[in-house]
Amino acid sequence: MVSGRLMPVALYAGAGLVLAVVLARKFDVIPGLSDIAYSAGNAAVDTVDAVVSGVVVGAGKVAGIPATNKTQCQHDLARGDMWEASFSCPAKDFLSAAWNQYGF
C-alpha cells in the first residue's frame, strides 16, 4: 500500500506520464500501435528471409555449390537465360523472375 504522503506524488507522476504520451501521439513523436506492429511484422519476415537464405548458402557450401553472385544473377536474368540464373540467383530472386516470365 502506498503511504498517504506518496499518494499525491504517484498520482501526479501517472498523470504526467499519460499527458506526455497523449501529446507525443498527437504530434507524431512516437509511433502508434499499428506502426509498431507493422515494423515488428516486417522485421520478423526479414529475419525469416535471412535465416532461410543462410541455411541455403550453408547447405550449398557443404554440397560444394558456390555462393551466388548478384551481379551474375542480374546478368543472366537480363539475357533471359533462366538455366544459368537458376545457379547464379538466390532462390527468392530466381523464383520471382520465373514467376514474372512464365506466370506460374
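**Salt bridges, a disulfide and a surface patch**

The model has three salt bridges, a salt bridge being a side-chain nitrogen of Lys or Arg within 4 Å of a carboxyl oxygen of Asp or Glu. Before I go through them: this is a predicted model, in which local features need pLDDT of at least 70 and side-chain atom pairs count only at pLDDT 80 or more, while totals for chains, interfaces and linings use all residues. Residues are numbered from 1 along each chain as its sequence is written, and side-chain values use heavy atoms, with hydrogens and water left out.

I start with Asp49 and Lys92. Their side chains meet in a salt bridge at 3.5 Å, N to O. Asp49 lies in helix 2 (residues 33-63) and Lys92 in helix 5, so the pair ties together parts that are 43 residues apart in sequence. Helices here are DSSP runs of H or I with at least four residues, strands are E runs of at least two, and both are numbered from the N terminus. Lys92 is exposed, with a relative accessible area of 55%, whereas Asp49 is partly exposed at 30%. For these words, buried means under 20% relative accessible area, exposed means over 50%, and partly exposed is in between, with a 1.4 Å probe and protein chains only.

Next, Arg79. Asp76 forms a salt bridge with Arg79, with the closest N and O atoms 2.6 Å apart. The two residues are three apart in helix 3, about one helical turn. Asp81 also forms a salt bridge with Arg79, at 3.5 Å between the closest N and O atoms. Salt bridges that share partners join Asp76, Arg79 and Asp81 into one network.

Which member of the network is buried? Asp76 is, at 1% relative accessibility. Arg79 is partly exposed at 49%, and Asp81 is partly exposed at 24%.

Asp76 has another contact. Its side chain makes a polar contact with the side chain of Ser88, at 2.6 Å. A polar contact is a pair of N or O atoms within 3.5 Å; within protein, one must be able to donate a hydrogen and the other to accept it, and residues adjacent in sequence count only if both atoms are side-chain atoms. Ser88 lies in helix 4 and is buried at 9% relative accessibility.

Helix 4, residues 82-88, also holds Trp83 and Phe87, four residues apart, about one turn of the helix. The structure holds one aromatic pair. Trp83 and Phe87 form it, edge-to-face, with 5.2 Å centre to centre and 80° between the planes. The rule pairs rings of Phe, Tyr and Trp (its six-membered ring) if their centres lie within 6.5 Å; planes under 30 degrees apart are stacked, over 60 edge-to-face, and the rest tilted. Both residues are exposed, Trp83 at 60% and Phe87 at 52%.

Now the cysteines. There is one disulfide, defined as a pair of cysteine sulfur atoms within 2.5 Å. Cys73 is joined to Cys89, S to S 2.1 Å. The pair links distant parts of the chain, 16 residues apart: Cys73 is in helix 3 (residues 70-79), and Cys89 is in the loop between helix 4 and helix 5 (91-102). The link is right-handed, with 100° about the S-S bond. Are these cysteines buried or exposed? Cys73 is buried at 2%, and Cys89 is buried at 5%.
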